[in-house]
Each structure stands twice: as structure tokens, then as C-alpha cells.
Amino acid sequence: MRGGVCAVVAGLVLGLVGPAAGAGQQPADVLLVHGYGDARAGQDCNGQVWRDALEHSGRARQAITTIGYYAGDRRAVGHGSGCDAVIGDGAASNARPIEDIARDLARYIDRHHGSRPVNVVGHSMGGLIARVALLGSARGWPGFPPRPAVDNVVALGAPYRGLGPAVLDAHHDPQWDQMKPGSAFLQRMHAEGELGQRWAAGTDWTLVGSEEDWTVPADSALDGEARADQKYRYRVDDASGRDRYEVHHYALRTHCSGEYHLRSWRPGGPVRETSRM
């Protein structure tokens, strides 16, 4: 591996999360869900978005599915450019509610995997989509299937408590507004169930944030003081307070070189500090 942050994140989200498969068992497939973008232009899931994570995953490529949902997301031929699967008929615009995309994801998992467990990794808004897919199914929201079999959810820089103040006016569309602190969507998500409650049981929840992320502050990505199975927080340089490591919002899924300082913990367990200089 080319050392640095990418090695840590790729190992975390694609190799180290959750229990190992037993003898004769294959590890659960991984679904990678991208975040917010220009719905008309779409995103190249297998290219710019997830290329580095795919390269360093350590898993067979056929066991990983990149998920698109925007109108501009294109289905890949083989594992070429585009997204391996586009849910909801690729009809999502930036006006489409996040919970509707979450419903599409829940339906996709139910239809294509059934009772066979999967792992879901979501970056930014993709982490919201993953959470609400399970929440809406567990709560019986209209149109959601029974709760899909998901062993692990990893949320990279998901705005669980909202976007940062520096970017609140970066876009002007209903989807972006849903991610602003105090939005009706975020209030409903938390009112319907926090991660430590019964609806979330049976899934291992890992939250990852960075103090150098100005799009989604670390406290938001880590859902404040809410309970999760694991939390990982990339730190700034303690000595200077500068953004030395450059683990910004998109680097949570792409950064593959340089230094980092990582703090991790589990409920009731010790806080661990890991650095690469």
C-alpha cells in the first residue's frame, strides 16, 4: 500500500470492520454509496469517487458494488467508469428527498441480497442514506421493505448533526437544505431513533470524522455524544492547531499519502491514539 490515510480508511471500511467470516464462509459483500453532488452531471463511482478505496480494499472486486442514484450517474460496463449499480432507476435530482433515496437503497439490498448480509459504506450524504435505509425499514416507513440484512455500516464524514457553517450557502436546493443543522429531516431522523437504540441492534456502526473537515465538522460526523460501536476522529496537529494532515472532507475516502493523527474508541473502552509521521 502507498502509506497514509487511505491505507487506514480502506482497511477500516473494507477489511477490518465486523467479525471475520467463519470457515468456509465468504465475507459479506460491500456496498459503497457516494455523497452529494450535481445530480445532472452525476459521479464516477469507480473512478474519482472510490478508486483509491477499491485499489486498497484487499477484497475481490466482484464482492464490492459501487452504488449510484443520481440522474447523471451512469451504469458501468464491467467495472469500468460509472457506478456498478444505479438504484431508483437513476431518477434522483437534487430536489429528491434523502429519505426517498434511502428507501431505494433498502429496496435494492432486499431485492439483490435478501437475507444474505452486506456491509454498507457511505461517504457524506451517503452515510445519511445508509442510516435512514435501516431506520425507515425498522420503523415501517411507507414504501420501505423489511429491515435489510446489514452487518456493518461505516459512515465517512456523514452530516448526522448537519453541515458546517462555512458551507451552509454553498448550494441552494432541497437536498442540501435537508443537511443543514436543525432541518426537519435531521430532527426526524434523531427523533425516530438514535444508534444506541433497539432498532439499530444487529448492525455494527462505525463513524469517522476529521477535525480538518470544514464541510462536515467532526462532532457532526461522530453524531455528537450519541452511541456508536466505533468512532474514529482524525486530529489536527496538536502542537500548532494547523490543518497539517489535510484529511479534509473528500480525503476521508481518497487520501493516500502523508501524515495523520487518529483517535479511536469504543463505548466503555480505552481511547487509542495512532499517528503516522
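The model is predicted. Start with the whole chain. The secondary structure comes to nine helices and nine strands. The chain has 277 residues, and 56% of them count as buried.

Now go inside. In soluble globular proteins, nonpolar side chains tend to be buried together. Here the largest nonpolar core holds 50 residues. Within this core, Tyr-69, Val-120, Met-125 and Ile-129 touch the most other members. Helix 5 gives the largest share of the core, eight residues.

Leave out residues up to four places away in sequence, and Ile-129 touches Val-33, Tyr-69, Ile-98, Ile-101, Ala-102 and Leu-105. There is also a second, separate core. That core has 21 residues, including Leu-32, Ala-53, Val-86 and Val-154.

How many of its five residues are buried? Five of the five are, so strand 1 is largely enclosed by the rest of the structure. Both faces of the strand are covered. Asp-29, Leu-31 and Val-33 are buried on one side. Val-30 and Leu-32 are buried on the other.

Which strands pair with strand 1? Strand 4 pairs with strand 1 in the parallel sense, over five bridges. In that pairing, Val-33 stands opposite Gly-122 of strand 4. Strand 2 (residues 64-68) also pairs with strand 1 in the parallel sense, over four bridges. There, Val-30 has Ile-64 of strand 2 as its bridge partner.

The next feature is a covalent link. A disulfide is a covalent bond between the sulfur atoms of two cysteines. This structure holds one disulfide. Cys-45 is joined to Cys-83, with an S to S distance of 2.0 Å. The angle about the S-S bond is 65°, and the link is right-handed. Cys-45 lies in helix 2 (residues 45-49), while Cys-83 lies in the loop between strand 2 and strand 3 (85-86), so the pair ties together parts that are 38 residues apart in sequence. Are these cysteines buried or exposed? Cys-45 has a relative accessible area of 0% and is buried. Cys-83 also counts as buried, at 0% relative accessibility.

Arg-51 touches Cys-45 and Asn-46, not counting residues up to four places away in sequence. Arg-51 itself lies in helix 3 (residues 51-55). Its relative accessible area is 45%, so Arg-51 is partly exposed rather than buried. Arg-253 is 202 residues away from Arg-51 in sequence. In space, the two are 9.0 Å apart, C-alpha to C-alpha.

Terms used: Residues numbered from 1 in each chain as written. Predicted model: local features only at pLDDT ≥ 70, side-chain atom pairs only at ≥ 80, totals over all residues. Heavy atoms only, no water. Core = buried A, V, L, I, M, F, W, Y, C linked by side-chain atoms within 4.5 Å. Buried < 20%, exposed > 50% of the residue type's maximum accessible area, 1.4 Å probe, protein only. Helix = DSSP H or I, 4+ residues; strand = E, 2+ residues; numbered from the N terminus. Contact = heavy atoms within 4.5 Å. Pairing = 2+ DSSP bridges. Disulfide = S-S within 2.5 Å.
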